[in-house]
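Here is a short briefing on one protein chain. Look at the sequence and the structure first, then read on.

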Amino acid sequence: MKSWLQRVVCVLAVLGLSLAPDSAALTEAQEVSDARIAELLAQAQAQVQLPAPASSPTVALAIDEAVRRGLERNLDLNLERLNPRLVDLQVAGILATYQPTVTSSFVNQSQVRLPTSQLQGVGLRINTDTLQWNSGVSQSVPWYGGSFFVNFNNSRDETNDQSALRNPGYSTNLIARYKQPLLRNLKTDSTRNSLQKTRISQQVADINLRATIVNTEASIRNA
């Protein structure tokens, strides 16, 4: 910009020189032109000057406070905290295999049939009402691949059969059984293998979490 203005001033000076050959007037015009050029340059610099960037707010933090905030708001650390919980759920799901299963049932049944013997009565229909209530428990044990179940069954039969010795009649039985493998699945099986691997993964997840916490804390203190 300065060179362009100087050229214009020089042209005007030349023209002024040809129109007014007085050297004093030419010198005065030159001085006025230099002052005008300096003024224009100052105005141009003021217009193109960029505003100073606004200062961002600052917060005074102690090291312990900065570490606390960093551990609370670090996304990688929050994600790493979820891994031990997920593995804990997997372990709980496998251990649910060894939880006991309790069953119970209640049955009320009525049956009508024709007599098959004269002792039962002639021309009668044999009505038999049966009432049953049963319960039981079964479980797989977490050692040596064994399992067991216990069932307790009860029934009551009432009939108009004249040949029945007892009316109503009751019956009860208790059944218990334990199953133990001798060779296959004795030392280990698929469930116990999965449980062992998942527990190892649980330890790895805990170690990774502690390592992430230590590294994050060290980075914050260094920063």
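How many bridges join β1 to strand β2, and in which direction do they run? The count is 13 bridges between β1 and β2 (residues 126–140), and the two run antiparallel. Two strands pair if DSSP finds at least two bridges between them.

This is a predicted model, where local features need pLDDT of at least 70, side-chain atom pairs count only at pLDDT 80 or more, and totals for chains, interfaces and linings use all residues. Residues are numbered from 1 along each chain as its sequence is written, and side-chain values use heavy atoms, with hydrogens and water left out.

**The whole chain**

- The protein chain has five helices and four strands. Helices (H or I, at least four residues) and strands (E, at least two) are DSSP runs, numbered from the N terminus.
- Along the sequence, the pattern is α-α-α-α-β-β-β-β-α.
- Of the 223 residues, 17% are buried. Buried means under 20% relative accessible area, exposed over 50%, and partly exposed in between (1.4 Å probe, protein chains only).
- Take the contacts between residues at least 6 apart in sequence: 61% of them join residues at least 24 apart. Contact means heavy atoms within 4.5 Å.

**The sheet**

- Four strands form an open sheet in the order β1-β2-β3-β4, with antiparallel pairing.
- The edge strands are β1 (101–113) and β4, each of which pairs on one side only.
- Serine 105 has asparagine 134 in β2 as its bridge partner.
- Strand β3 (residues 147–159) is joined to β4 by 11 bridges, and these strands run antiparallel.
- Phenylalanine 152 stands opposite leucine 174 in β4.
- Why does strand β4 (residues 169–179) lie largely in the open? Because the number buried among its 11 residues is zero.
- Strands of a sheet pair through backbone hydrogen bonds, either parallel or antiparallel.

- Threonine 198 sits in helix α5 (residues 190–222). Threonine 198 is buried, because its relative accessible area is 11%.
- Leaving aside neighbours within four places in sequence, threonine 198 is in contact with Val87, Gln90, Val91 and Ile94.
- Glutamate 80 sits in helix α4 (residues 75–95). Leaving aside neighbours within four places in sequence, glutamate 80 is in contact with Asn208, Leu209 and Thr212.
- Glutamate 80 is buried yet has no salt bridge (a side-chain nitrogen of Lys or Arg within 4 Å of a carboxyl oxygen of Asp or Glu). The nearest side chain of opposite charge, arginine 81, is 10 Å away.

Methods. Lys and Arg count as positive and Asp and Glu as negative; His and the chain ends are not counted.
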